[in-house]
Amino acid sequence: MLSFSKARSEAQEIFLDGKSYPLQIRRSKQARSIIVSADTVKRVVCLTMPVYASEDQALRFARSKSGWLNARFAEAVPPVPVEHGSQIAFLGEPHIIRWSPDFARAPLLGEGEIRLGGPQEHVETRILRWLKAQARTVYADDLAFYCERAGTDLPKLAVGDARRRWGSCSGRKSIRLSWRLVMAPPHVRRSVVAHEVAHLTHMDHSPRFYALLDRIFESDRRVADRWLKQHGRGLHMVGVEQPAPLAD
């Protein structure tokens, strides 16, 4: 069963199986139809609608998608805490976070663990900062490797945390990559880097683009794509704040 609160759009809620989720409504000049999506990280239902559409239309459309929304939230991956005793991956290998006042403040890899000291309340901040720094170093090496294979100039590298794209290539010859890929297996991470390097030459997904990608990437990109499809949501949940309990 799905219903809506009667508050204004910015504060509305949507009820799925008796549980309340925040509802975000956004009007877009580019939208040609009403789009409903489930943000399983923030646990929010999003409605994007054309400027000429009415909210009543959008809400009726959302009601028609209640089964789909329920399924998306039901399959959501839980948040992964970054704290003493929790497990995260680095370069595709699982590591346990170990904190001790006797360890050095800077995170250090060793024997399947990431060890660090300093104030325990800052463990998450320092681990995430360390992962992002490691990502920049690893990506720079990958980028240099594939640019050399593709015969293209080295672009500017940016490291971010986009929710919907693992990487992007701009017309200004710069490449942006998600820091979370540093947790994925190397062949998965490298497939994304190679993909964006191929875009430096072909800014589309034409046969010429894939021919270049298959020439410079040393593994099977389809295997890497399947891994991201199956496990990518888990990478996005590392360090995400645990949502508050849903109202009934």
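The second largest pocket is lined by 13 residues, and those sitting nearest its centre are Ile88, Ala89, Gly234, Leu235 and Val238. A pocket here is an open set of points on a 1 Å grid over the protein atoms alone, where a 1.4 Å probe fits, with protein on both sides within 12 Å along at least five of seven lines; lining residues have an atom within 4 Å of a point. Its volume comes to about 220 Å³, taken as the space filled by probe spheres set on points joined across faces, edges and corners. H6 gives the most to this lining, with 4 residues. The lining splits into 9 nonpolar, 4 polar and no charged residues, where Ala, Val, Leu, Ile, Met, Phe, Trp, Tyr, Cys and Pro count as nonpolar, Asp, Glu, Lys and Arg as charged, and the others, Gly among them, as polar.

All of this comes from a predicted model, in which local features need pLDDT of at least 70 and side-chain atom pairs count only at pLDDT 80 or more, while totals for chains, interfaces and linings use all residues. Residues are numbered from 1 along each chain as its sequence is written, and side-chain values use heavy atoms, with hydrogens and water left out. The mean pLDDT (the predictor's confidence in each residue, from 0 to 100) is 89 for the chain, and 93% of its residues reach 70 or more. Over residues 1-11, though, the pLDDT is below 50. Where pLDDT is low, the predicted coordinates should not be read in detail.

As for the largest pocket, it holds about 1200 Å³ of space. Of its 41 lining residues, Arg163, Arg164, Arg165, Trp166 and His236 are the closest to the centre. H6 turns up again, supplying the largest share of the lining with 7 residues; helices (H or I, at least four residues) and strands (E, at least two) are DSSP runs numbered from the N terminus. By class, this lining has 16 nonpolar, 12 polar and 13 charged residues.

Val182 is in contact (heavy atoms within 4.5 Å) with partners including Phe90, Leu91, Leu131 and Tyr139, leaving aside neighbours within four places in sequence.

Arg189 belongs to helix H4 and counts as buried because its relative accessibility is 5%; buried means under 20% relative accessible area, exposed over 50%, and partly exposed in between (1.4 Å probe, protein chains only).

Leu91 itself lies in the loop between E6 and E7 and has a positive phi of about 55° although it is not a glycine. At 31% relative accessibility, Leu91 counts as partly exposed. Glu111, too, has a positive phi of about 55° without being a glycine. Glu111 sits in the loop between strand E8 (108-110) and E9, and with a relative accessible area of 76% Glu111 is exposed.
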